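Please open the structure in a viewer and keep the sequence beside it.

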Amino acid sequence: MSLIAVWGPPQSGKTTLSIDLAYALSQQGKSVCLISPEPYSELTARMGIRIIYNKSLDQAYSAIGNLQQTVLEADDLLYVLAVPWDHDAYGEEASADACKELLKQAQTVFDFIIVDCPAKEGEMLAAWSLSMADRILMLSGGSETASMWYNSFKKAVDAVSGRSMIVCVEVNESYDYLSLCKLIQKNPDAFVSHYPNAAKEQQSKKTLYGIKSKIGKAYTESIHGLCEKMEVGA
C-alpha cells in the first residue's frame, strides 16, 4: 500500500537501489511490485529477466483490473512490471489515466510498489509515480554533473521535497558526497555504502542485498538502515 519512487541524476544508482530495496522488503515478508517504466529496461536486464507481452507493463495498461495476472513473479513475494523485450520505443505511450489507474490498483494489491524513475523528463508513469508517491528516494548522484541535473529539475525537485529523502548511494568510493550535497543544497538523510566490484557481482547475482561476505554484510546493513529511516522496518 506504500508507493516509493526512486529518482535522481543519471548513473546515481537508482536501478541498483530499487532492486536491492525490493529484495530487502520482500524478504521481510512484504509483497513488492517493482516497476520499470523505461522503454528499454536496465532493471530487467540486471535481474536476468525476459519480459513477454502477457506479463508486461504494456499488457497491464490495456488490462486494468487484472494486475495480478500481468505481473511477473521474480522471487518469493517479489513481482516485476516492465516493458516486453520487443517493446517499440516509438510506439504509443500510455495515457495519464491508464498510468494513474495502474498505480492505484497496485496500491490495493501489494504492500509496496517501487518505481525506478528515469532521470529524464517526459515519462508518464514516472511522472504519476512522483506525484502519488508516499515517499521519494532522491539520489544525490556521484559526480559533478549531478549538480547540473538538480539545477535543470529544480522546480520538480522542490515540488516533492516534503515527501523526499536524500540518499547518497556511494557508487564511487573516493567521491566527496558531502561536498556534492552542499553544492546541490541538500542535506543527506541516508547513505548506502560502496560495494566494490558491484558490476562483477551483478553478473551472477540478481541483487547485492544479502550477500554473506564482509562487504556484502556492510552493504546489507546500510539497506536496513535506509528501511528504518523510511519507517518500514528492517
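**The pockets and their linings**

The residues that line the largest pocket comprise 13 nonpolar, ten polar and seven charged; Ala, Val, Leu, Ile, Met, Phe, Trp, Tyr, Cys and Pro count as nonpolar, Asp, Glu, Lys and Arg as charged, and the others, Gly among them, as polar. The model is predicted: local features need pLDDT of at least 70 and side-chain atom pairs pLDDT 80 or more, while totals for chains, interfaces and linings use all residues. Numbering starts from 1 along each chain as its sequence is written, and side-chain values use heavy atoms, without hydrogens and water.

The largest pocket has a volume of about 660 Å³. On a 1 Å grid over the protein atoms alone, a pocket is an open set of points where a 1.4 Å probe fits, with protein on both sides within 12 Å along at least five of seven lines; lining residues have an atom within 4 Å of a point. The volume is the space filled by probe spheres set on the points, which are joined across faces, edges and corners.

Select Gln11, Gly13, Lys14, Glu42 and Arg46, which are the closest to the centre of the largest pocket among its 30 lining residues. Next, colour α1 (14-26), α2 (42-47) and α10 (198-204), each of which supplies at least two lining residues. Helices are DSSP runs (H or I, at least four residues), numbered from the N terminus. The greatest contribution, four residues, is that of α10.

Now move to the second largest pocket, with a volume of about 320 Å³. Select Pro37, Pro39, His87, Glu93 and Glu123, which lie nearest its centre among 21 lining residues. Here α3 (57-62) gives the largest share, three residues.
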